[in-house]
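Try each task with the structure in view before you read its solution.

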Amino acid sequence: MATILEALKGINSYPVPLRTLSETAERRGIRLEDNTTAETLRGREFNLCRADLLLWLSYAPNITQGGQSYSFTDEQRTAMRNLASQLYDEFEEENKPNTIYGYKGSRL
């Protein structure tokens with residue numbers, strides 16, 4: 001059996017810091033040490049935690065760590081945001097993150 005921590009790490013191979021996983025799980029009321037069940041994986045708390053991590057990953061920087069590179073294309077980032085939004089909608093998250101507006105371009 002896998003733990004919730006292992007299931008959340010399995011979302012993507014990007015090295016998400018443990019403190020980020022812990023904070024996200026705590027905010028959603030789940031314990032990382034608990035074993036997963038089919039019910040847990042279909043549950044509201046786990047899927048909202050998953051959506052939070054997908055959103056976090058969509059803004060994560062491209063990095064190189066120990067000779068291994070982790071990067072996402074713009075399309076992958078958009079797909080992660082879309083999946084997170086679908087999960088928020090499916091599990092009726094009232095406090096989903098607001099849209100971030102900002103300048104995108106090469107000149108002001």
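**Exercise 1: Helix 2 against helix 4**

In this predicted model, T20, L21, T24, A25, R27 and R28 of helix 2 meet E45, L48, C49, D52, L53 and W56 of helix 4. Sort the residues of this contact into nonpolar, polar and charged, then describe how helix 2 and helix 4 are oriented.

*Solution.* 
- Step 1. Sorting the residues of the contact between helix 2 and helix 4 gives six nonpolar, two polar and four charged.
- Step 2. For the geometry, two packed helices are described by the angle between their axes and the distance between the axes.
- Step 3. Helix 2 and helix 4 pack at an angle of about 140°, and their axes are 9 Å apart.
- Step 4. An angle over 145 degrees would count as roughly antiparallel. Helix 2 and helix 4 are therefore oblique to each other.
- Step 5. The crossing of helix 2 and helix 4 is right-handed.

**Exercise 2: Helix 4 against helix 5**

Now describe how helix 4 and helix 5 cross, and list the residues that make the contact.

*Solution.* 
- Step 1. The axes of helix 4 and helix 5 cross at roughly 155° and come within 8 Å.
- Step 2. That angle makes helix 4 roughly antiparallel to helix 5, as angles over 145 degrees count that way.
- Step 3. Helix 4 passes helix 5 in a left-handed crossing.
- Step 4. On the helix 4 side, the contact is made by N47, L48, R50, A51, D52, L54, L55, L57 and S58. On the helix 5 side, the residues are R77, M80, R81, L83, A84, L87 and Y88.
- Step 5. The residues of this contact of helix 4 with helix 5 divide into ten nonpolar, two polar and four charged.

**Exercise 3: A84**

Find A84 in helix 5. Is A84 buried or exposed, and which residues does A84 touch, not counting those up to four places away in sequence?

*Solution.* 
- Step 1. Look up the accessibility: A84 has 1% relative accessibility, so A84 counts as buried. The cut-off for buried is under 20%.
- Step 2. Leaving out residues up to four places away in sequence, A84 touches A51, L54 and L55.
- Step 3. Check a distance as well: the C-alpha atoms of A84 and L53 are separated by 8.3 Å, with the two residues 31 apart along the chain.

**Exercise 4: The nonpolar core**

How many residues does the largest nonpolar core have, and which helix gives the most to this core?

*Solution.* 
- Step 1. The largest nonpolar core has 24 residues, and L8 and Y14 have the most contacts inside it.
- Step 2. Helix 1 (4–9), helix 2 (18–28), helix 4 (44–58) and helix 5 (74–90) each supply at least two residues of this core.
- Step 3. Helix 4 gives the most to this core, with eight residues.

**Exercise 5: Around T36**

Start from T36, in the loop between helix 2 and helix 3 (38–42). Which residues are in contact with T36, leaving aside its neighbours within four places in sequence?

*Solution.* 
- Step 1. T36 counts as buried because its relative accessibility is 11%.
- Step 2. Beyond its neighbours within four places in sequence, T36 is in contact with M1, A2, T3, I4, A7 and L41.
- Step 3. Take A2, in the segment before helix 1. At 29% relative accessibility, A2 counts as partly exposed. With neighbours within four places in sequence left aside, A2 is in contact with D34, N35 and T36.
- Step 4. Take L41, which is in helix 3. L41 counts as partly exposed, at 37% relative accessibility. Its contacts, apart from neighbours within four places in sequence, are A7, T36, F46 and N47.
- Step 5. The C-alpha atoms of L41 and A7 are 8.6 Å from each other, and the two residues are 34 apart along the chain.

**Exercise 6: The whole chain**

How many helices and strands are there in the chain, and what pattern does the chain follow along the sequence?

*Solution.* 
- Step 1. The chain has five helices and two strands.
- Step 2. Read along the sequence, the pattern is α-α-α-α-β-β-α.
- Step 3. Of the 108 residues in the chain, 32% are buried.

How values were computed:
Residues are numbered from 1 along each chain as its sequence is written. This is a predicted model: local features need pLDDT of at least 70, side-chain atom pairs count only at pLDDT 80 or more; totals for chains, interfaces and linings use all residues. Side-chain values use heavy atoms; hydrogens and water are left out. A nonpolar core is a set of buried Ala, Val, Leu, Ile, Met, Phe, Trp, Tyr and Cys residues joined through side-chain atoms within 4.5 Å. Buried means under 20% relative accessible area, exposed over 50%, partly exposed in between (1.4 Å probe, protein chains only). Helices (H or I, at least four residues) and strands (E, at least two) are DSSP runs, numbered from the N terminus. Axes are lines fitted to C-alpha atoms, for helices over the stretch in contact, and angles run from 0 to 180 degrees between N-to-C directions. Angles under 35 degrees count as roughly parallel, over 145 as roughly antiparallel, 65 to 115 as roughly perpendicular and the rest as oblique. A crossing is left-handed if the near helix is turned anticlockwise from the far one by less than a right angle, and right-handed if clockwise. Contact means heavy atoms within 4.5 Å. Ala, Val, Leu, Ile, Met, Phe, Trp, Tyr, Cys and Pro count as nonpolar, Asp, Glu, Lys and Arg as charged, and the others, Gly among them, as polar.
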